[in-house]
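Thanks for making the time this morning.

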Amino acid sequence: MRTLRPQLASLLFLGMALAQRQVMVQEGPLYRTEGSHITLWCKVSGYQGPAEQNFQWSIYLPSAPEREVQIVSTVDPSFPYAIYTQRVRGRGIYVERVQGDAVLLHITELQDRDAGEYECHTPNTDERYFGSYSAKMNLVVIPDSLRVTAVPQTLNRVERDSLELKCEVSKSTAQHSHVSIAWYRQRGSEAPVEIISLSRDFVLRAGSAYAQRQATGDVRLDKVGETTSKLTIYNLHPSDQGEFYCEAAEWIQDPDKSWYAMTRKRSQGAIVNVQATDKEFSVRLETEKRTYIVGEPVEFRCILEAQNVPDRYFSISWAFNSSLIASLGPNAVPVLNNEFAQREAQGQLKVAKESDNVFVLKIYRLRLEDSGKYNCRVTEREKTVTGDFIDKESKRPKNIPITVLPLKAGFAVTAISRTPGVTYNESFDLQCIIKPHYPSWVPVSVTWRFQPAGSTEFHDLVTFTRDGGVQWGDRYTGFRTRTAIEKAESSNNVRLSISRASDTEAGKYQCVAELWRKNYNSSWTRLADRTSNLLEIRVLRPVTKLQVSKSKRSITLVENRPIPLNCSVKSQTSPDSHFAVLWYVHKPSDADGKLILKTTHSSAFEYGTYAEEEGLRGRLQFERSASGGLFSLTVQRAEVRDSGSYYCHVEEWLLSPNHAWYKLAEEVSGRTEVTVKQPDNRLQVNQTHKNITVLENQWVTLECLVSSRTSPSSQLAVEWYVWRPGQPEKEVVARLSRQNILRYGDVAVLGGVRSRLHLESPSPGLYLLSIQNATVRDSGAYNCRVEEWLLDPSDRWYKRAEDISGLITLTVKQPDPTLQVDTATANLTVQEKESFLLDCSILSRSSPESRFAVTWYNLRAKEAGGRGEEEEEEEEREAVLSVGPDAIFSPEAGRWEGRLRFQRLSAVLFRLTVLQAGGADTGNYSCRVEEWLADPNGVWYRLAEEESGTVAVHVQDAGSTLQSVICSNDALFYFVFFYPFPIFGILIITILLVRFKSRNASKNSEGKNGVPLLWIKEPHLNYSPTCLEPPVLSIHPGTMD
């Protein structure tokens, strides 16, 4: 193993140096609408051969995902299948080559049948296959649901009037998408002018021609409905005349986080005519943006809006921070002040009349001191009969401030190469990428530096100067004849292409970028410089001729037989080549093959991890033929676990000029599929399907019967599954291992079923699963999976077979509701202040364990109407009292508070007593009963509900009674009920005292006669403070002495 590690390290090092082909395609899935024009990009890197690569596009339709349908090729005109031939010939489908190794697939009018998985393939131009040659992505075609409508009309307006136009935009796309809306004005064949737009990110932005007016509030875009937007323009100008229309686009975000406009539509136009006043004119000032960078150009446009401009005379003046820059008279000859006159002479500034109503101030290279406020003033002049001009009305717009920022010196430089490893006489490219991309007017110089292999010093190779020239270094003159340098037009990236590579080009490359600024005196100042990463280019050794037999074999044998494996070298680079052979086995469960045995180029043996882990050292036999090109490996006493895909990995080694062995190439042989058979499977489980229906709380037993097995000495493991309604996959209920260890699944543990499960095997091959107190949630389709385990020759148990039983569909039902409430109606008349009873009787119930929730309702008449209207009677329903199944009462609200008494006379009879009846209590009363049952888990659920018949209650007015008269007068109340009692008590005490004295006097005589006295106890007075009943005086008999 000590000699293996440096060899593996050298193998990894060389593998990193080899160029690997990689094909990349646009990331999917992409959503595109029918009828749209789409493009898909594809590019290849790490290839060898010509710089211009070929591409082939195919599709795998959803109806046949395994079948390739060829679309178009850059090399073969006969490549398309018949269904695409006509569209390819008619340029409905074509390939655009962006560069030699990158293309775009165009589909000009997307159809619904174009949806599918697209594959981009690049034919091989390498000397050997290494890397990926194709890539795939998904395209989804969706209907175009975008609708843009506006009312076509012709509107006549006068200058300074307002204009309102509406546009309705709707879509019904299922995918998440955004909509952008924009309004345009167009005159005849002129290009449309953008007025205002609402972007997909809900950002409101006005076009350059209307930016100033939008900032002052004269141009608005408002949303007035779910799908409608309104354009409003105040203070119309004559230049606003034309056709107005709205355009909408539907955007979707692609997987690379970029937004793509799937479809774009415009509405019908509205013709707007604006009639100008005779001599009125207006001026507006426009510029592209407000923030610039030093060196950028800026253009200010002063736009005059007036009638008959060619027949009138106007002069214009430009100002910066309230200081005059230049002026133009009616003859359009500019007059500039001293400072700006110098800049104009140097070609840095321009003042001109672009047309009769457009005047331009342009600064070609901004300075930091150019930050400030700019404005123009337009003055109308009148020409007298003498030819002189006199000033009339003068107008100027609002100032436009701009900010000039210094050029940022922060940038990064990166050196890259598609081919870090090349062979003799091949070409390679080096790219120096500068980010961010500076505009073309920013001077940047790029220098490539080179350090030869084995050296420690860098020297300048070539420089792309700041003024666009090329300057070569004097150290490496040989490079110049075989090197080309070019700079991209759209960026400052510089490519270095070197052809016919040799050892002298091997080494490290580096690029240095410098950012410059040209001063006003034509001198240069270096602002910043950056150095890229090191890029190492290796020149590889000669191409190998190693070929290993790729033939495939299949061997099927039974246990304990030998496995013969062969590895044949068909060709080699040199007669002096030595070979290292590595034997691998790949199992379906492993991602890569595992090493069994390695023989080095010096004929040393090393056992791999697989041989050590599986104990194969004593069963391996290696041989090499006398000719040296055939290697064989034999695995003795095969076992079932030896099944797999065997192959050899051959390394070709050569002796270098410095007498050191190096690995030139490596190749993998074809695979030998080895299958070591086990005894034939005879396991069978009963496949009969059953349906079982039970009520809740009953027991149910499910059967799993093994009708036959491979061996009587085998061990069985049983696993029960259930498919419950609403669940996408089956769930494990319980598992009985072959060692008779019982484990419960998540559905049993988390669902609280574990305590109700019982698993038993009353006889060999028969397994019963019992569920106690079944619930509705136990319903589902059950089956069992049986595994049969056998003992292999190494005395290890292995799973020989498994089988699944038929489904047992278990349905657990709740009891059928039989709730019935007395629906008989009744009439009840009571006197005011009396009580009345409301009974709620349950005639039948679904279960003796049921609980009931009872609610009494009052339905009483309510009069509505007014004078001159017919009276109408309505009924309003009011809940009087609710008692839940858990005997929790609802609060007594309003007029019922303190007047309700509830009684449960029996399990099926409930009574509500209403005290102190009043006239407002007149109405119809009923009760609603809800029946609740508890499932086996103790969770209560509502089974049924019914409502009783109505009881019509009428409360009569009792009028004025003696009782009410007494209770209404305090003096009379005390006189009748309070004062008699003390007087009567004193009288009773007096009588008792007299009787007591007379008894003592005649005690002996009366005692002898045996006549007892009647002892009267203290009188008891029942007094009602509510005055509902008169007081009751009761005298209870005493005891006999």
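What pLDDT does the chain average, and what share of the residues score at least 70? This is a predicted model, and the chain averages a pLDDT of 83, with 89% of the residues scoring at least 70. Among the elements of the chain, strand β8, residues 116–121, has the highest mean pLDDT at 95, whereas strand β76, residues 1032–1034, has the lowest at 37. Over residues 1–18 the pLDDT is below 50, and beyond near neighbours in sequence this stretch has 19 contacts in the model. The pLDDT is also below 50 over residues 1004–1041, a stretch for which the corresponding count is 35 contacts.

Let me turn to the charged side chains. The count comes to 54 salt bridges, and one of them joins R877 to E947, at 3.1 Å from N to O. Because R877 lies in strand β69, residues 872–883, and E947 in strand β73, residues 940–947, this pair ties together parts that are 70 residues apart in sequence. R877 is partly exposed at 45% relative accessibility, and E947 is partly exposed at 31%.

Strand β73 also holds R942, whose side chain meets that of E930 in a salt bridge of 3.4 Å, N to O. E930 lies in strand β72, residues 923–934, so here the parts tied together are 12 residues apart in sequence. E930 counts as buried, at 11% relative accessibility, while R942 is partly exposed at 45%.

Finally, there is a network of salt bridges, which links E719, R735, R785, E787, K799 and E802.

Methods: Residues numbered from 1 in each chain as written. Predicted model: local features only at pLDDT ≥ 70, side-chain atom pairs only at ≥ 80, totals over all residues. Heavy atoms only, no water. pLDDT = per-residue confidence, 0-100. Helix = DSSP H or I, 4+ residues; strand = E, 2+ residues; numbered from the N terminus. Contact = heavy atoms within 4.5 Å. Salt bridge = Lys/Arg side-chain N within 4 Å of Asp/Glu carboxyl O. Buried < 20%, exposed > 50% of the residue type's maximum accessible area, 1.4 Å probe, protein only.
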